[in-house]
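Please keep the sequence and the three-dimensional view at hand while reading.

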Amino acid sequence: MARKIAFFDIDGTLTSELDGSVLADAALAIAAARANGNLMFINTGRCFQNVERRFRAVGWDGYVCGCGTNIYCGGQDVLHVAQTHSTIMQLLRAARAADVDILFESRSFVAFDLSRPLHHPDAVRQYESFARRYHDMPEDLESPNFFADKFVIWYQEEAQLEAFRRVSDKWFDCIDRGGTFREFVPYGYSKATGIQYVLNHYHLNLSDAYALGDSNNDLPMLSYVPHSIAMGNASPESLFAQVEYVTAKSSCGGIRQALEHYNFI
């Protein structure tokens, strides 16, 4: 069997769209694909510290994290792109001036700006979720030793986003995650660039690459690989017309179906 490589989004792909659990059937299918000599990678916008232990417990050959800014292959940290403290301070000042909630992310911590109360309910819920999971969340963001890899914001009015982007657009792509939530990734990095870096690392061809996702933020990797797979629970449904194959919902054995369809197992 020829060696292939598959890249998996986490939320709604690896996990059930119903309750966020990792289904045993999906974990077994991924293990079987690896046993057949194939490579299995997570490819996520999450930085490594936010790839929870329950996700890692599935067993992987590596991770593309932070939208391609931090990559692990075979247990080795092979790429890490961090922003300078100076850049982060300019973003912090811009967030405060625009009165948006900002969350900085790195491979080892997450950090909210708590210089004023968080305004957006989703930001509050995210902070509480991290606190329950005992994330390392430094609060002295103006320390000269503070830096980050990427970040997200929550806002209330479009004018706030516009004001903030007058600063952030110097260095970052803005990804619309729906509603008033935006993700920011440094120019030149994406889930697609992460795939190419891993292919180069293992001397594999793009024709050997497969990607599984469930939302528009997966489009950079789905549109990059020749074998793109949308979960049956993907949203919006327009995603179905942009991929090579549509598998069952995550909760209905979608990962196993896709791996069987493409002869990983």
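The model discussed here is a predicted one.

**Cysteines**

- The structure contains zero disulfides.
- Cysteine 174 has a relative accessible area of 23%, so this residue is classed as partly exposed.
- For cysteine 65, the closest cysteine sulfur is that of cysteine 47, and the 7.4 Å between them is too far for a bond.
- Cysteine 65 is buried, because its relative accessible area is 0%.

**Strand S10 and its partners**

- Five of the six residues of S10 are buried, and the strand is therefore largely enclosed by the rest of the structure.
- S10 pairs with S8 in the antiparallel sense, over four bridges.
- Within S10, phenylalanine 184 stands opposite phenylalanine 151.
- S10 also runs antiparallel to strand S9 (residues 172-176), to which five bridges join it.
- Glutamate 183 in S10 is the bridge partner of isoleucine 175.
- S9 and S10 form a hairpin with four residues between them. In the turn, glycine 178 has a positive phi of about 100°.
- As a general point, the side chains of a regular strand alternate between the two faces of the sheet.

**Salt bridges**

- Side chains of opposite charge can pair when their charged atoms come close. The structure holds 20 salt bridges.
- One of them joins glutamate 183 and lysine 150, with 2.7 Å from N to O. Glutamate 183 lies in strand S10 (residues 181-186) and lysine 150 in strand S8, so this pair ties together parts that are 33 residues apart in sequence.
- Glutamate 183 counts as buried because its relative accessibility is 3%. Lysine 150 is buried as well, with a relative accessible area of 1%.
- Another salt bridge, at 2.6 Å from N to O, brings together the side chains of aspartate 218 and lysine 191. Aspartate 218 is in the loop between strand S11 (209-215) and helix H8 (219-222), while lysine 191 is in helix H7 (residues 191-202), and the pair links parts of the chain 27 residues apart. Both aspartate 218 and lysine 191 are buried.
- Arginine 133 forms a salt bridge with glutamate 52, and the closest N and O atoms are 3.8 Å apart. Arginine 133 lies in the loop between helix H5 (121-132) and strand S8 (150-154), and glutamate 52 in the loop between strand S2 (39-43) and helix H3 (53-56), so the pair ties together parts 81 residues apart in sequence.
- Arginine 133 counts as partly exposed, because its relative accessibility is 32%. Glutamate 52 counts as buried, with 16% relative accessibility.
- A network of salt bridges links Asp11, Arg46, Glu52, Arg54 and Arg133.

- The largest pocket has a volume of about 700 Å³. Its lining consists of 24 residues, and those nearest its centre are Asp11, Arg46, Gln126, Arg177 and Phe181.
- S6, H5, S8, S10 and S11 are the elements that give two or more residues to this lining. H5 provides the largest share, which is five residues.
- By class, the lining of the largest pocket has 12 charged, seven polar and five nonpolar residues.
- The second largest pocket has a volume of about 170 Å³. Among the residues that line the second largest pocket are Glu52, Arg54 and Arg133, which also belong to the salt-bridge network.
- The lining of the second largest pocket has six charged, three polar and two nonpolar residues.

**Cavity**

- Rolling a probe the size of a water molecule over the atoms shows where empty space is left.
- How many cavities of 30 Å³ or more does a search of the whole structure find? The search finds one, and about 40 Å³ of space lies in the largest cavity.
- The residues that line the largest cavity are Ala95, Arg96, Val100, Asp101, Ile102, Asp113 and Arg116. Helix H4 (85-98) and strand S6 (101-105) each supply at least two residues of this lining.

Conventions
Residues numbered from 1 in each chain as written. Predicted model: local features only at pLDDT ≥ 70, side-chain atom pairs only at ≥ 80, totals over all residues. Heavy atoms only, no water. 1 Å grid on protein atoms, 1.4 Å probe; cavity = no way out; pocket = protein on both sides within 12 Å on 5 of 7 lines; lining within 4 Å. Points joined across faces, edges and corners; volume = space filled by probe spheres on them. Salt bridge = Lys/Arg side-chain N within 4 Å of Asp/Glu carboxyl O. Buried < 20%, exposed > 50% of the residue type's maximum accessible area, 1.4 Å probe, protein only. Nonpolar A, V, L, I, M, F, W, Y, C, P; charged D, E, K, R; others polar. Disulfide = S-S within 2.5 Å. Pairing = 2+ DSSP bridges.
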